Amino acid sequence: MKIKEIEMGRLVVVSNRTGDLGKKTQTGGLAVGIGDALKSSGGMWMGWNGDVVDSPDSSNTQLETYENVTSLTISLSVEEHENYYLGFANKVLWPSFHYRLDLMDYRTKFAKCYAAVNRKFANTLHPHLRDSDLIWVHDYHLIPLASELRRKGSAHRIGFFLHVPFPSVDVFSAVPRHGWLRECLLQYDLIGFQTKNDVQNFCSYLKEHSEVKFLAPNLIKWRGRTISIGDFPIGIDVGQFSAMSHVSDKGIELERVRRSLLKRFQIISADRLDYSKGLPERMKAFRKFLDSYPEYLGRAEYLQIASPSREDVSAYADIRSELEQMTGAVNGKYADFNWAPIQYINQSIPREKLALLFRCSLIGLITPLRDGMNLVAKEYIAAQDPEDPGILILSKFAGAAEELGDALIVNPYDTNEVAQAIRKAATMPMEERKARHRTLLSQISDQDAQQWQNEYLAALRSVQATVPRSAPPSLPNWNEGQGGVAMPGSRH
C-alpha cells in the first residue's frame, strides 16, 4: 500500500458501471471524473461489468488490477437488468429526477429488485473493505447502498454524489417509495450534488418531509449523527481535452476548409439520445432560425451527434424515430444539391474526434431540458482556439449554467429565443467572442475534474465519524402505498 493510502485511507468508488481502466481516456461524465480520481490516488472501483447472464453467482465476480487501481465487478441477471436497471433506475428515478413524471412507470417488482441489487453490491463489496477505507458512492442507481453496508456493520465514512438533478419538493415527493429513498440517503455521511439549486431542493424536501434538525444551512442532525450536504460541480480535464483538439485529422480539416471557402459555418451538438437532452426542441429551434433568417440558407450547417442510449426503453426508440423524421422534413424543405442544413448521426463518436469537431464549429448548441451538469458544454469551451473561439449557447436548465454565465443562456422550450441566440452567435464580433471565451475558459480551468475530486474528498474526510450511527431503515413492506414505509421521524 502507498504511504498516501495509509495516511488518508484507500479510496473505494462504487458506481453502477465501471469504466475501462485499460483505456487512456474514459467516456461519459461520471467515468471521466472517477477514472481521473482513482488513477491519481489509487484505490478500488466496484460496479457492474455490463454483462447480463441467465443466472449470476459468485463465479461472476471479477477482481482485476490496473496499475494502482483494483477493479471489482459483478454481472446482472436478465431479471436484475430488466427490473433494477431498466426498471426502477431508468423508468422511475431517471424520468422523475429530470422532471418527467409523465414518463415514470412504477411497478413494485422494480423497487424490490432495486433494493435487492443494492444488497448484492454491498454483499460483494463488504469482504474487500479495509477499516480505513473511504467509500464514495455515485448516482441514483445506488441510493440504498450505504444502508445495506450499515446493515452489515460498516462504520466507514461513506459519501454519495448525485450526477443528475435533484428535483423540486413536489416532484420528488411524487416518486413512489420516496420516504424509503430519503431514509437510505440519510445513511450517508456526505450527500453531494452538482449545483446549489439541487442542494436547495433537497434541503427543502427534508424540511417538509422529515424531522431532521438543521444545525446549519447544509448540516443536519439525524438520530445522533451529523450529515453534511453540499454542491460540488463536476469538471473536466481541460488540458487533456484541449490537447485532443489540436490533433490533425485530414477529413475534418478538409471539411473546415470547404466551409471557409463557401463562407459557411457549423453548429454542433453532441448528446446521448435521451429525452432530457431536448433534441427535438433544438431541431425545431434551428428550423425556426432558418425560417426567420433566410440569409443563412446555404450557409449554416447543423451537426447533431446523438449516441445510442438505453435502446431497450421504449421512450428512447420513440425519440430516435422523431429525430429521423424531423431531419428528413427539414432537409427535404431546405436542402440544395450541394448543401443540407442538418447532418444527424446516431452513433458514438470517439472523444478525440469530438474535440476536433468542437474546435472547428462556430457555435456549440447545448440545450438540454434538464441536466445535472453537462460536461459537453465544458468540453466545447476547452476545445476552442483562443484566437478564433466559437460561442456556447447553453440551456438555463443545465447545471453548467450556474457557472458559465458568459455563454448565451437560453430557455430550451422557447424556439424563438434559441433561434435568436443562434443569430446573435453567428454575428458576434470577434472581440466579444474572445472576451466571453477567456472568462469561460478560466471558469472551467478553476473548477476542473481534479478540483471537483479534491473538494469532495476533502469534505468527506473531514466528516466526523459520529457514534452511535443510526440504524438502517427497515426493509419496506412492498405491498404498501407509494409513500414507502412509515419511518420514525417521517410525516408519511
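Entry 1, overall. I counted 17 helices and 16 strands in the protein; helices (H or I, at least four residues) and strands (E, at least two) are DSSP runs numbered from the N terminus. The model is predicted, so local features need pLDDT of at least 70 and side-chain atom pairs 80 or more, while totals for chains, interfaces and linings use all residues. Residues are numbered from 1 along each chain as its sequence is written, and side-chain values use heavy atoms, without hydrogens and water. Of the 492 residues, 57% count as buried, meaning under 20% relative accessible area (1.4 Å probe, protein chains only).

Entry 2, strand E15. I found 5 of the 5 residues of E15 (residues 391-395) buried. Ile391, Ile393 and Ser395 point one way, and Leu392 and Leu394 the other. E15 runs parallel to strand E14 (residues 363-366), joined by 4 bridges; strands pair if DSSP finds at least two bridges between them. Leu392 is the bridge partner of Gly364.

I noted 29 lining residues, with Arg256, Arg359, Cys360, Ser361 and Asp388 nearest the centre. A pocket is an open set of points on a 1 Å grid over the protein atoms alone where a 1.4 Å probe fits, with protein on both sides within 12 Å along at least five of seven lines; lining residues have an atom within 4 Å of a point. Helix H10 gives the largest share of the lining, 5 residues.

Methods
Buried < 20%, exposed > 50% of the residue type's maximum accessible area, 1.4 Å probe, protein only.
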